[in-house]
Amino acid sequence: MSMPAFFRIARQGNEGIVPVLYKRVGCKRRGGVRFTLKGQSNFNMVMITNVGGSGEVKGVWIRGSRSGAWLPLHRNWGANWQSNADLRNQRLSFKITLVDGKTLIFLNVVPSSWRFGQTFASRNQFF
């Protein structure tokens with residue numbers, strides 16, 4: 001929170017703990033959900049951004065083009081989800097569930113030629 005915004009709700013000199021009530025509201029996002037790939041051969045981390053709807057991701061699964069099963073990803077921190085599977089040289093698909101129960105599948109959103117550090121945008125979005 002910026003300092004000017006904070007000082008609108010707190011008196012300077014009495015910063016301490018300021019009770020704040022907030023309510024999460026759904027939103028529309030431009031463009032699709034984005035997937036940024038990080039990691040190395042046996043440690044994949046995917047940062048998931050630009051999520052519309054409730055915006056709060058509850059669960060993520062990944063599937064490589066050479067594997068038939070959806071593998072669950074585990075939250076590493078923030079918007080980063082991890083897997084210990086080696087999925088290099090495979091097209092990647094994702095399944096995302098939000099806290100409000102909505103689920104979308106993003107088929108082959110990442111091509112088999114992907115490299116760590118790249119970001120891929122889907123055409124699908126939560127609304």
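The report covers the basis of the model, the annotated domain, the core, and selected residues.

## Basis of the model

This is a predicted model, in which local features need pLDDT of at least 70, side-chain atom pairs count only at pLDDT 80 or more, and totals for chains, interfaces and linings use all residues. Residues are numbered from 1 along each chain as its sequence is written, and side-chain values use heavy atoms, with hydrogens and water left out.

## Annotated domain

An unreviewed UniProt entry carries the annotation "domain: Expansin-like CBD" for residues 42-122. Its positions are given in the numbering used here, feature names are shortened, and annotations may be inferred rather than shown by experiment. The span 42-122 is 54% strand and 0% helix. Its end C-alpha atoms lie 24 Å apart. Helices (H or I, at least four residues) and strands (E, at least two) are DSSP runs, numbered from the N terminus.

## Nonpolar core

The largest nonpolar core has 23 residues. Such a core is a set of buried Ala, Val, Leu, Ile, Met, Phe, Trp, Tyr and Cys residues joined through side-chain atoms within 4.5 Å. Buried means under 20% relative accessible area, exposed over 50%, and partly exposed in between (1.4 Å probe, protein chains only). Phe35, Ile48, Phe94 and Ile96 touch the most other members of this core. Strands E1 (34-40), E2 (43-49), E3 (57-64), E6 (92-98) and E7 (103-110) each give two or more residues to this core. E6 gives the most, with four residues. In soluble globular proteins, nonpolar side chains tend to be buried together.

Take Ile48. Leaving out residues up to four places away in sequence, Ile48 touches Val33, Arg34, Phe35, Val60, Ala79, Trp81 and Ile96. Contact here means heavy atoms within 4.5 Å.

## Arg75 and Asn80

Arg75 sits in strand E4 (residues 71-77). Arg75 is partly exposed, at 44% relative accessibility. Beyond four places in sequence, Arg75 touches Val57, Asn80 and Trp81. Met45 is 30 residues from Arg75 along the chain, and their C-alpha atoms are separated by 9.2 Å.

Asn80 belongs to strand E5 (residues 80-83). Asn80 is buried, with a relative accessible area of 1%. Not counting residues up to four places away, Asn80 touches Lys38, Met45, Val46, Met47, His74 and Arg75.

## Salt bridge

There is one salt bridge in the structure. Asp86 pairs with Arg88, and the closest N and O atoms are 2.8 Å apart. The term needs a side-chain nitrogen of Lys or Arg within 4 Å of a carboxyl oxygen of Asp or Glu. Asp86 is partly exposed at 41%. Arg88 is partly exposed too, at 37%.

## Surface patch

Ile9, Val20 and Tyr22 make a nonpolar surface patch of about 360 Å². Patches are made of residues with over 30% relative accessible area and no salt bridge: like charges are joined within 9 Å, nonpolar side chains (Val, Leu, Ile, Met, Phe, Trp, Tyr) within 5 Å. Areas come from the Shrake-Rupley method with a 1.4 Å probe; for residues, only the protein chains shown count as cover. Ile9 is in helix H1 (residues 3-9). Ile9 is partly exposed, at 46% relative accessible area.

## Positive phi

Asn50 is not a glycine, yet its phi is positive, at about 60 degrees. Asn50 lies in the loop between E2 and E3. Asn50 is buried, at 13% relative accessibility. Asn89 also has a positive phi, near 60 degrees. Asn89 lies in the loop between E5 and E6.
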